[in-house]
Amino acid sequence: MITLQRGRENKDVIVFKEDRVPGIKNVRPLVCNATNRKTLKKLFKQVTADTLAGQRIQLYIDHKVRDPQTGELTDGIRIRDRKPAEKKAEPIICEECGKQISAIGQYSADDIAKINMQRFGRKLCGECSKKLAEKPAEETSQEVTENA
Ligand SMILES: [Zn+2]
């Protein structure tokens, strides 16, 4: 149920996984109008929640959309009639153990590799960076004990 200029109506909306994207602070649901529904049908054959859940689409602004209220040209959000290219991330390999670096919590594999590059000068997985971070502390404490 959404509120439009002419009142509250039941409308199909497309809800996005992203909270924010470059250029848009708050991503809001998009009302699925006839034009966008047609594009979705072309892309995914069916326009049901089951078919569309988890799919990736690309939006753009069409500056020549006829406003049904006024008949004038206005901006409209449109769905691109081709699927966006899959962004395949290259696996990042840990320089210590040779395993693929995986994401941890909010950090992507790329983030972790970068952080460890700064900390240790090498691309390391979470496990190896943890081991390395603990190691110098032990050595230091041992030296202190030997000297004392
Ligand atoms: Zn490792």
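**Stop 1: the zinc site**

Select the zinc ion and its donor residues, which are spaced C-x2-C-x27-C-x2-C in sequence. The ion is coordinated by Cys 94 (SG), Cys 97 (SG), Cys 125 (SG) and Cys 128 (SG), at 2.2 to 2.3 Å. Donors here are N, O and S atoms within 2.8 Å of the metal, or 3.2 Å for Na, K and Ca; water is not among the atoms, so sites may look incomplete.

This is a predicted model, where local features need pLDDT of at least 70 and side-chain atom pairs count only at pLDDT 80 or more, while totals for chains, interfaces and linings use all residues. Residues are numbered from 1 along each chain as its sequence is written, and side-chain values use heavy atoms, with hydrogens and water left out.

What is the arrangement of the four donor atoms around the zinc ion? It is tetrahedral, because the donors subtend angles of 103 to 115 degrees. The cut-off for four tetrahedral donors is that all angles lie between 85 and 135 degrees; four count as square planar and six as octahedral if opposite donors are over 155 degrees apart and all others between 65 and 115, and anything else is irregular.

Helices (H or I, at least four residues) and strands (E, at least two) are DSSP runs, numbered from the N terminus.

Are Cys 94 and Cys 128 buried or exposed? Both are buried. Cys 94 has a relative accessible area of 3%, and Cys 128 has 6%. Buried means under 20% relative accessible area, exposed over 50%, and partly exposed in between (1.4 Å probe, protein chains only).

Leaving out residues up to four places away in sequence, Cys 128 touches Cys 94, Glu 96 and Cys 97. Contact means heavy atoms within 4.5 Å.

A search of the whole structure finds zero, a disulfide being a pair of cysteine sulfur atoms within 2.5 Å.

**Stop 2: the core and helix α3**

Select Ile 92, Cys 94, Ile 101, Ala 109, Ile 112, Ala 113, Leu 124, Cys 125 and Cys 128: these nine residues form the largest nonpolar core. Helix α3 gives the most to this core, with three residues. A nonpolar core is a set of buried Ala, Val, Leu, Ile, Met, Phe, Trp, Tyr and Cys residues joined through side-chain atoms within 4.5 Å.

Centre on Ile 112, in helix α3. Ile 112 counts as buried, at 7% relative accessibility. Beyond four places in sequence, its contacts include Ile 101, Tyr 107, Leu 124 and Cys 125. Ser 102 is ten residues from Ile 112 in sequence and 8.2 Å away in space, C-alpha to C-alpha.

Move along helix α3 to Asn 116. Asn 116 is buried, with a relative accessible area of 3%. With residues up to four places away set aside, Asn 116 touches Gly 121, Arg 122, Leu 124, Cys 125 and Ser 129.

**Stop 3**

Select strands β5 (residues 59-66) and β6, which run antiparallel and are joined by six bridges. Two strands pair if DSSP finds at least two bridges between them. Asp 62 has Gly 76 in β6 as its bridge partner, and Val 65 has Thr 74. Six residues lie between the strands of this hairpin, where Gly 71 takes a positive phi near 80 degrees.

**Stop 4**

Select Thr 39 in helix α1 (residues 34-44). Thr 39 is buried, at 12% relative accessible area. Outside four places in sequence, Thr 39 is in contact with Ile 79, Arg 80 and Asp 81.

Next, pick Lys 45, in the loop between α1 and α2 (49-52). Lys 45 is exposed, with a relative accessible area of 63%. Its phi is positive, near 70 degrees, in a residue other than glycine. Most residues other than glycine have a negative phi.

**Stop 5: a surface position**

Finish at Ala 85, in the loop between β6 and α3. Ala 85 counts as exposed, at 66% relative accessibility.
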